[in-house]
Protein chains: 2
Amino acid sequence: MPSYNAPIRDMQFVIHEMLNATETLTKYAKFEDAERDLFDAIMEEGAKFTSEVLTPLNAVGDHEGCVRHEDGSVTTPTGFKEAFKTMVENGWLSLAQDPEYGGQGLPGLLHIASGEMQSAANMAFAMYPGLTNGAIKAIEIGGSDEQKRSYLPKMIQGEWTGTMNLTEPHCGTDLGMLKTKAVPQADGSYKISGQKIFISAGEHDMSDNIVHLVLARIEGAPEGVKGISLFIVPKFTLDPDGNPADRNTVTCGSIEEKMGIHGNSTCVMNYDDAEGYLIGEENKGLKVMFVMMNRARLDVGMQGLAQSEVAYQNAAAYAKDRTQGRALTGPVNDNGPADPIIVHPDVRRMLMETKAFNEGARALIYWATMLEDMEGVHEDEKFREKADDYLGLLTPVIKGYLTDMAMRTTIDCQQIFGGHGFIEEWGMSQFVRDTRIALIYEGANGVQALDLVGRKLARKGGRALMSLNAEIDGFIAENESNENISEFTTGLKSAKAKLQDATMWLMQNGMTNPNNAGAGSVDYMHMMGLTTLAYMWGKMAVTAQAAIDNGSNEDFYPNKLITGRFFMARMLPQIDAHLAKLKTGAEPVMALDAAAF
Amino acid sequence: MPSYNAPIRDMQFVIHEMLNATETLTKYAKFEDAERDLFDAIMEEGAKFTSEVLTPLNAVGDHEGCVRHEDGSVTTPTGFKEAFKTMVENGWLSLAQDPEYGGQGLPGLLHIASGEMQSAANMAFAMYPGLTNGAIKAIEIGGSDEQKRSYLPKMIQGEWTGTMNLTEPHCGTDLGMLKTKAVPQADGSYKISGQKIFISAGEHDMSDNIVHLVLARIEGAPEGVKGISLFIVPKFTLDPDGNPADRNTVTCGSIEEKMGIHGNSTCVMNYDDAEGYLIGEENKGLKVMFVMMNRARLDVGMQGLAQSEVAYQNAAAYAKDRTQGRALTGPVNDNGPADPIIVHPDVRRMLMETKAFNEGARALIYWATMLEDMEGVHEDEKFREKADDYLGLLTPVIKGYLTDMAMRTTIDCQQIFGGHGFIEEWGMSQFVRDTRIALIYEGANGVQALDLVGRKLARKGGRALMSLNAEIDGFIAENESNENISEFTTGLKSAKAKLQDATMWLMQNGMTNPNNAGAGSVDYMHMMGLTTLAYMWGKMAVTAQAAIDNGSNEDFYPNKLITGRFFMARMLPQIDAHLAKLKTGAEPVMALDAAAF
């Protein structure tokens, strides 16, 4: 059975050394308690909780799945309910939530680090609190004070969980087509009717109530995206004391049989005149939903990293343990009949690609999350603006590029197991199957790429990318003379120039024919992913080299540089292929008549 | 539920137009019956059989899997037994088998075309006859006349099936470590004891007998690969009339729970003093096994193509049917609320990549199979030598590169379905899960790459590649002046030059440090895959353009050119990234200490 040990040293390196996070954040009143020792202690606890409680349940969840009973109730896999209780009791849900509603008010950075651990240990399980978190965000953003008081405390304490209801059988990406209707009632509530599909954690046995956030169209509302409103539809409506009372007419019609994340109940939800309450203004539901979705997209990128990390750990352990064949340069294990397979260059290539990706991806996600934390407290409007710009730009890259890559790395890690990788018992198949959904939900990766080139690049006259480019230029100028890390500055400089080349090409050619931008959008998203990862590796290299220069003799630092050099030498060259493909434009992609497919 | 329609027109284009196969083959006595009409009639029948009989059983097999009973017997999924009976009755198993033992003696090319259909319709099912075919080959290559007479007719008629038993729990790639032992008996037979794992079709209910081909070590044999012999171990030993009589002591201990190909029974086989008969000479078992394996590797490449083709067909149909969003260039479906998603450039990109890959892959596999057919009949020794050289070079590329690519294309086709792609009901997940094994079995893809750079390139002073390069040069010289297909000759010329550059680099640097070759082996394999696919596209382009020049107004030909141009513009540029990575050599890959993983 696979194991998972939270990579705390790597996490600390990014948080404490590269980002200097606690020192920076504790300067602000909101985060004055977020000291380094507290961070470390919570991460240690998180590591224990995830390896001891969540990891053993991962295969159980995959094997048992969720069971829907005839009355529409759903039972989660053995142990999930108890683990969720433990999770609640240990305060993992309320970590970064608003103290006004019972949260601990710690930085999102700590939340993402513990979230990474939870998703690595058991992605299907971690989705239950993950979805709740999304619902909390939506109510915080758009809810009335009364709604906040009614729902947030119980959700933050984990007594109630939440869901997001967007997709319908005929519409997913194109929400403008949605049909679920809301009929206004005399008391100010609405009757919601319709069918929603792919609803994660839609029905289960882990909480006393489930708070469904539902997109629906109020009778008579405009067509398309301009007529969509957001509603709270609780599984049990509340009595005057705010406790769950009557069963609402929202039911789970069936559970989907999926490729992965079997431990999460993915439901078809039927709304049959269910009582619902409008969040915010009529017809403005998408706005709230999108703020929440952008946050959720960072979490999906994190899920990709998490699965890649746990797959890596198990593949590395297997490669050091399994003996087969001899090193090309002569036996290293003279006493045995064969060498451990980690001697084989191609096995190492797959491990190194995964390792270099994981460490770069972690730096990128944590950097973005730190920007989010800072956006909430920084006194300088310019800084807050920049943070918002960066998050706009980085969100589709973190969601799309990182999960595309995680698909490849989990498959490579499975490959290292040979035939055993294909056998469920070894657990590597589950990592691949669970990762697969991350490329699809919260906006398919192709949609992320289109969001990047079609919306985020152009926003505010391209200010976000100009600002990021200037930051990278500054970083290069500052570190170019440091010969110990010259591969990093050189590689980054070249990648940035190619990304600029691609950006120029898109600007020049996307206007005349938007399909030029569409056809190259995924290539562009990968180019930005490669460039931002190169930037992260540059920052990590500077940090590691400084530690060495300061006399550290921890192996960790030279190993960090070796891993980063691998990224620059063996992964970054992919950017050229993307640039060449992008510049061929729409014509080769669109030339064939649709009927000829 | 997914559908499958054999792409007969594309198959005919390769067989009749590009390869001019029937005209060439019928010149030889062995294939004098293999006329174009016969080919077409058999392909039409194959299309009907696979879409009507095998396709509907694909999801059944995935869902039910195989069941092992307490007595060790195994039941295949509902309908498999009957479908196998139909398959036997229709003569699909004996198509290209030796007439001396009841085969129809038709070309392997027809066998691979029908095999592609069967594997696309139902890969798990097609493995039962596929493994039998491998066992037949091994007996043909190494068996005595008596063994051939005893086993081949029944296997060719489908009364008995076959298996290949190589892997043991502690050894797969490194067969030198195998422990299964063979003890010589007074009557010339052997008692075989040991455990074999991952035995496809190891036990089932579809045939009267199962002929296991088993690698084992005769007591006292040399250690390592030099002491391995090959044995026939029938499930039932034969009575004097050659009919199954006594149950041999070989049993299925368990069935593996796998990621995919659930319809195939992947068994742990226990040999407990089972009666076995030596094939060929003592300690020379691997030689026979490797001839057979090379043939099997072409079939695995074909499985990759087959899954990619069926995934493509369903994704294309979905993309034309599913409406969501609007074309970037303005609505095309004014009467509906949204456009079919095939209008979106990124959806098309994924479809085009899959289509261009499939058509190139098919040309490559069929070309190689035609070479194999010709090798068996051609009067000129030089030609036979060349065919053998090419097959040596192309086999690891067809196995490794094509299945690596099929993994990506099946995932992309699944992606086109959005959330529905993740739901088992739609069938796209099965294509991904079934494809996954093709990267592993018959030698993991990393092993293929090492075989290519470590063995096949250097064989006979590099004669194979020199010969292929000369052939490509000739092709370019002949067609360079044809302006209508200039993208093809230009692209091929450039790809060939880069492949040569990589080859030179490997020659110069692989000697001093073999890890330089190992670290770049997969990149090299992909470079050769891209170059040979570019060559195939060049040949197809010449053929299609000639048809147009000859006045054909079938849309098929311009569409073929459009698809090929897409390959040259949008897929071939990947070769640069591989070259850049390869040239960084072993250092970045090997620098990290094994303990630091």
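**Colleague's note: two chains, a few spots worth a look**

1. Let's start with A:Lys460, which sits in helix α15 of chain A, residues 459-479. Helices here are DSSP runs of H or I with at least four residues, strands are runs of E with at least two, and both are numbered from the N terminus. The phi of A:Lys460 is positive, near 50 degrees, even though the residue isn't a glycine. For background, most residues other than glycine have a negative phi. A:Lys460 counts as partly exposed because its relative accessibility is 49%; the cut-offs are under 20% relative accessible area for buried, over 50% for exposed, and partly exposed in between, with a 1.4 Å probe and protein chains only.

2. A word on ground rules: this is a predicted model, where local features need pLDDT of at least 70 and side-chain atom pairs count only at pLDDT 80 or more, while totals for chains, interfaces and linings use all residues. Residues are numbered from 1 along each chain as its sequence is written, chains are lettered from A and ligands numbered from 1 in written order, and side-chain values use heavy atoms, leaving out hydrogens and water.

3. Now the overall look of chain A. Its secondary structure comes to 21 helices and eleven strands, and its C-alpha atoms fill a box of roughly 80 × 60 × 60 Å along the principal axes. Of the 597 residues in chain A, 64% are buried.

4. Chain B has a positive phi too: B:Phe198, not a glycine, has one of about 60 degrees. B:Phe198 lies in strand β5, residues 190-200 of chain B.

5. Where is B:Ala6 placed in chain B? B:Ala6 is in the segment before α1 (8-18), and with a relative accessible area of 13% it is buried. B:Ala6 and B:Ala316 are 310 residues apart in sequence, with 14 Å between their C-alpha atoms.

6. On to charges. Side chains of opposite charge can pair when their charged atoms come close. With a salt bridge taken as a side-chain nitrogen of Lys or Arg within 4 Å of a carboxyl oxygen of Asp or Glu, the count over all chains is 68. One of them joins B:Glu45 and B:Lys48 at 3.7 Å, N to O. These two are about one helical turn apart, because they are three residues apart in helix α3 (residues 36-64) of chain B. B:Glu45 is partly exposed at 42%, and B:Lys48 is partly exposed at 44%.

7. Which parts does the bridge between B:Glu372 and B:Arg295 tie together? The two side chains meet at 2.1 Å, N to O. B:Glu372 lies in helix α9 (residues 345-375) and B:Arg295 in helix α8 (residues 285-321) of chain B, so the pair ties together parts 77 residues apart in sequence. B:Glu372 is partly exposed, at 25%, whereas B:Arg295 is buried, at 12%.

8. Last pair: B:Lys456 and B:Asp451 form a salt bridge at 3.0 Å, N to O, and both are buried. Over in chain A, salt bridges with shared partners link A:Asp10, A:Lys355, A:Glu359 and A:Lys560 into one network.
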